Amino acid sequence: MLLSSSGLQALDSGNPGAKVVVTPLASVTTTASGQPIVLPQKNVQVLVSSFEIPPGAKLPVHEHPSARYAYVLAGNLEVTNVETGKSTSYKKGDFIVEMIGEWHQGANVGAEPVQLLVIDQVEEGTSNTVLKQ
C-alpha cells in the first residue's frame, strides 16, 4: 500500500479522534557528498539490513556502487570520505544518503552502540559494498 504523507495524516485508524501522524525525515536529490542519486537501470533489488556498531569500532574503508540509505536509530556515527578527508557526524534520528563510488569509512564515536536501518537499491544479485584492497 502506497500513500503520500498528506494522505496518511487524513486517515482514521478506527479509533474516533485517532490520526496517523507522519513526520517527514528527508527529501533529497543528492548523496552526502553532493552527487545526484542514480538508481540501477535494470532488475532493481531492494535490500534492507540492520547494523549494530559497538563503541569505538571502525568499519573498513569501502565504497558503494549503488544507492544506499541509512537511518540512525541510536548512537553517534562519524563518516569520513578518505579521498577528501571530510567527515560528517550523524546522531539518532538522522537520515543518511551515502556517497556512491567514493571511498569512505564509518566509526562509532560515542559511548553506546550505533544502530542503523540500512536500505540498498542494487542490480539484482549484486552486493553494494566494495572493500578497499
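Two strands count as paired if DSSP finds at least two bridges between them, and that rule sits behind several of the points below.

1. First, the ground rules. This is a predicted model, so to speak: local features need pLDDT of at least 70, side-chain atom pairs count only at pLDDT 80 or more, and totals for chains, interfaces and linings use all residues. Residues are numbered from 1 along each chain as its sequence is written, and side-chain values use heavy atoms, with hydrogens and water left out.2. On the overall make-up, the protein has one helix and nine strands. Both kinds of element are DSSP runs numbered from the N terminus (helices H or I, at least four residues; strands E, at least two). From the N terminus on, the order is α-β-β-β-β-β-β-β-β-β.

3. Buried residues make up 29% of the 133 residues in the protein. Here buried means under 20% relative accessible area, exposed over 50%, and partly exposed in between (1.4 Å probe, protein chains only). Among contacts (heavy atoms within 4.5 Å) between residues at least 6 apart in sequence, 75% join residues at least 24 apart.

4. Now to the pairing of S4 (76–81) with S7 (104–108). Five bridges join S4 to S7, and the two run antiparallel. Val-79 stands opposite Gly-106 in S7. Four of the five residues of S7 are buried, so this strand is largely enclosed by the rest of the structure.

5. There is also an open sheet of four strands, in the order S1-S8-S3-S6, with antiparallel pairing. S1 and S6 (95–97) stand at the edges with a single partner strand each, so one side of each is left without a neighbour in the sheet. The twist averages 20 degrees from one strand to the next, taking axes as lines fitted to C-alpha atoms (for helices over the stretch in contact) and angles from 0 to 180 degrees between N-to-C directions. Three bridges join S3 to S6, and the bridge partner of Ala-70 in S6 is Ile-96.

6. The largest pocket has a volume of about 190 Å³. Of its 17 lining residues, Phe-51, Leu-59, His-62, Arg-68 and Glu-98 are the closest to its centre. On a 1 Å grid over the protein atoms alone, a pocket is an open set of points where a 1.4 Å probe fits, with protein on both sides within 12 Å along at least five of seven lines; lining residues have an atom within 4 Å of a point. Grid points are joined across faces, edges and corners, and the volume is the space filled by probe spheres set on them.

7. Which strands supply the lining of the largest pocket? S1 (44–53), S4, S7 and S8 (114–123) each supply at least two residues, and S7 gives the most, with three. By class, the lining has 10 nonpolar, five polar and two charged residues. Ala, Val, Leu, Ile, Met, Phe, Trp, Tyr, Cys and Pro count as nonpolar, Asp, Glu, Lys and Arg as charged, and the others, Gly among them, as polar.

8. Finally, do look at Ser-66, in the loop between S2 (62–63) and S3 (68–74). Ser-66 is buried, with a relative accessible area of 14%. Leaving aside neighbours within four places in sequence, Ser-66 is in contact with Pro-40, Ile-100, Gln-121, Val-122 and Asn-128. Ser-66 and Glu-123 are 57 residues apart in sequence and 8.2 Å apart in space, C-alpha to C-alpha.
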